[in-house]
Amino acid sequence: MATDQDEIHRMSVSENVSDRSLVANILIQEYYILSEKSAAWEDLHKLTIDEDWSVRRSVASAIGSIFSYVPDKSAAWKDLHKLTEDTNLYVRKRAAESLGTAFLHIPDEYKSDIWDDLNRLINDDESDVILRALYALKCIFKHIPDQYISDAWGDIHKLTISKNWDVRLSVAEAIGDIYSFIPDKYAAWNDIHHLTRDKDPDVRLSTARAIGNIFPLVFDKCAVLEDIHHLTTDKDPDVRLSIAGSLGDIFPFITNDYKSVAWSYLIQLSKDKDWSVRRGAASAIGSIFPYVPDKSAIWKELHNLTYDNNSHVKRRAVEALGTAFLYIPDEHKSAIWDDLHRLKSDDNSDVRRETAYTLGDAFKYIPDKLKSAAWNDLHLLMGDDDSIVRRSAAYSLCLIFEFIPTEFKSPAWSDLQRLISNEDKNFRRNITLVLVYAFKHIPDEHKSIAWEDIHQLASDEDRVFKRSAAEAISSIFPYVPDKFIAWNDLIILTKDVDSDVKMYANHSLGKVCIYKASKSENESKCRSLLKDAIQYFKTASNEGVYFNPAIFCYLFYCSFDAVLFRKVNSKKEIEEYIEAAKEEIRGSKSKQKLVEAVEQLAEVLDIAYTHKKDGNWQVELKRCSEICNHVEQLMLENKERTPLICDIFENNKLSFRTSIKKLIEAADAACKEAKGTPAENVVCSIKKEIQSWSIENEIKMDIKIERLYAILKEKVPDIPENRILISQINDIKNTRVVDDQIDIITILISSLPNGSFPKMIDDLKEEMNNRFDKVDESQHRMELSLEQVHQKLDNSLYKLHTLSLDFKTHGKEIESEYIDTFENEIRTLIAERDSETLDLFAQNLDQNRSFLLDEINRSGASENEKKEGEKSIFELKDLPRKIKDIMKSATTEVSKELVVSLIATLILESVFPILGPAAKEVVKILVSIINSRTDRRIVLKWLS
């Protein structure tokens, strides 16, 4: 690494401005793995006074990104402080950002200086600087000490009367986000009140959204409702749409005295002249149904919306019917059925598709006398001319199969079998995952055929098909005609090369063992099966896949075994398993439901512990299996997109300290063994790195392991003699579980003294030149300033908005809505910095190029539009590679923002020529990716 730093130093004193600017970008990514951080910092320090403003701007970003790793934080703070006073607005803007990024790591003695800097920056003459300073304040607001909080709030408060609309917009958003931490909530609310009357519609729109966030904390809710009423009559439809959404969010917090008032506002919005506002009101009505006193009145409004002239409004009203069905008074249930019966023949395929979903949601609640007619409608929808409608009906049918009258079960299965045979492979894959809900209730004479469909998927060459089969078999195992073949399918799938397939196969084997154990009347056999299940769960949990339900099962059933069979007298071990299991679901969005499920687990364990002498182990095992399945489903429905390893390790695991101590001991022994050998320098540098790890703090262990991995890749030559070492190093990267990574590192360290470390001085210079060529290639986008990237992204998003308006102007409202949906989803992914979903979207675009090409050729687009679309589709093949190159840069929060913006811009530029003739298909691909990553409505929304 010393030679790398020599090259970095050379670039830092280069006469070429691009070289000097690139130094900062390289350090953003690599500073944390440099061995001589002080030397690198000195290079960066000198660049803070560079004569070129673009270099100083890059340095300002770098300081914020690497601040936590800089040895001399006092010196780093002084440089950052100096850059906040720079004469160039772009430098000040970047320095303001870095204040927010570095805040938690700046020494306490400089905290008062930070507030002085932020105060000065938030009162800057340039709105761009003000916006960044405001963003920094918003990010750190909850960490601001009491003695500064009033001043910080005062700075934000003053911006509500800024002459710049974008500043006022951002202030409204900030107040909505930090309201709970603001000391003077009355003043904050008063600011929101005045902003509801702002002359700029975008400011009013931002304020309408903020109201949805702050309403539960506002004391004078009557005054808030007056402002909401004002916004419901706003001349801008986007503002009215936004306040409709906020009404849906805040309704549960409105007291009964004012619910009728708020309800009257929604009625008003449901009759709005703008269809998008009516659509928003329809969604809100569906969500607030449980909280409305007069449910008959609200039902009538929803009923009226199903007759709306606009298909988008009708579709949303149909969706709301499914959401609200349980709460609609019984006297209106027949009328709901009449609505669904009518809508299943609607001219618009999207309305018919939503009707199929809603029939599935509501079917089990439909009065028995109407079930035959409801089934007939679902049957007709499965024969619809539109393939998406057919598939939607099929998904719904699987979920409600048990509630279908007995006389219609055979025809229902025939419909499913026909679709499975005739539709494409993607449909077969998706239907497998919902077929498990129907399998138990399929008539016996058809079960063999249904099983054969799933059995064939297990031997398919497609990895996704095999995964679907592996996941499904455990759920249907009790009802499979040939259980030996089912078991054997899973055993074969555990030997697959794909990690997902292996994980689900082992997980399913564990669940099958639990099923067998729950049916066993022999305690010895039951315990043996439980041990087998735990081993399968353990094997599955070691697979490094994105979502691994086996981890939870392993932890839970270990605790059950400890209570029931190993007769553990102390609850400590049990509680540790449960706490670890809780960690596995802590990242979920629906925390309350998941915590409730975990508490159920704890309750069952406590009962088992209390009554373990009773011998009623079979009943307890069956009950625990049911609860575990329930929690798994909750995890699947509510899991976070990107679970963080620090969440898993937030509470110390029992083995953590022991593992680290063993690792340090192994490193010490290896260093002694390597003394006097070619491996000495490498092994001892690794020892030095490991000894810096704190056994008291595992929060950032993933970062530390990543750093060690980078050092090992750099230090250990990739030559045939080191084949085993290189394999172990790669295992560190491929393994997701920190405990397993530490085990691998411990074994690896012990093997290093026997490694081969030839001197390759002659090749070093060429290797470093190649390395920096790659760095230059991967970083050239980083030369763009963040504001330039944002400007480019804003331009692309504005083009989308313009295209939508153009469609709408020419009467193409459906196409306009697809563009709006696409824009909204992209904006959400950008806001969440979700580069992974954007990357998956790009990969799926590439995989569906031929499909998109067919859609463009079938469209009514002009020849020129088709030509441009075809050219763009051809170029999609390079899109995933370009995105992968960009994603390599995402090492810090600042660079992640830049990376996501770059990826989004690249995608928008690539797909824009396609959106005109094939907007619907592009949106379907994006929504299917988002739905699959959030498992929204399980698989009902999985569109192939």
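What share of the 944 residues in the chain is made up of buried residues?

**Figure 1. The whole chain, shown as a predicted model.** Buried residues account for 55% of the 944 residues in the chain, and the secondary structure consists of 47 helices with zero strands. The accessible surface of the chain amounts to about 41,700 Å², and carbon and sulfur atoms contribute 48% of that area. When contacts between residues at least 6 apart in sequence are considered, 69% of them join residues that are at least 24 apart.

**Figure 2. Close-up of helix α16 and helix α18.** Two packed helices are described by the angle between their axes and the distance between the axes. Helix α16 spans residues 275-288 and helix α18 spans residues 311-324, and their axes come within 8 Å of each other while crossing at roughly 5°. Because angles under 35 degrees count as roughly parallel, α16 is described as roughly parallel to α18. On the α16 side the contact is formed by W275, R278, R279, A282, S283 and G286, while α18 contributes H312, V313, R316, A317, A320, T323 and A324.

Figure 3. Although K924 and T821 are separated by 103 residues in sequence, their C-alpha atoms lie 9.9 Å apart in space.

Notes. Residues are numbered from 1 along each chain as its sequence is written. This is a predicted model: local features need pLDDT of at least 70, side-chain atom pairs count only at pLDDT 80 or more; totals for chains, interfaces and linings use all residues. Side-chain values use heavy atoms; hydrogens and water are left out. Axes are lines fitted to C-alpha atoms, for helices over the stretch in contact, and angles run from 0 to 180 degrees between N-to-C directions. Helices (H or I, at least four residues) and strands (E, at least two) are DSSP runs, numbered from the N terminus. Angles under 35 degrees count as roughly parallel, over 145 as roughly antiparallel, 65 to 115 as roughly perpendicular and the rest as oblique. Contact means heavy atoms within 4.5 Å. Buried means under 20% relative accessible area, exposed over 50%, partly exposed in between (1.4 Å probe, protein chains only). Accessible areas come from the Shrake-Rupley method with a 1.4 Å probe; for residues, only the protein chains shown count as cover.
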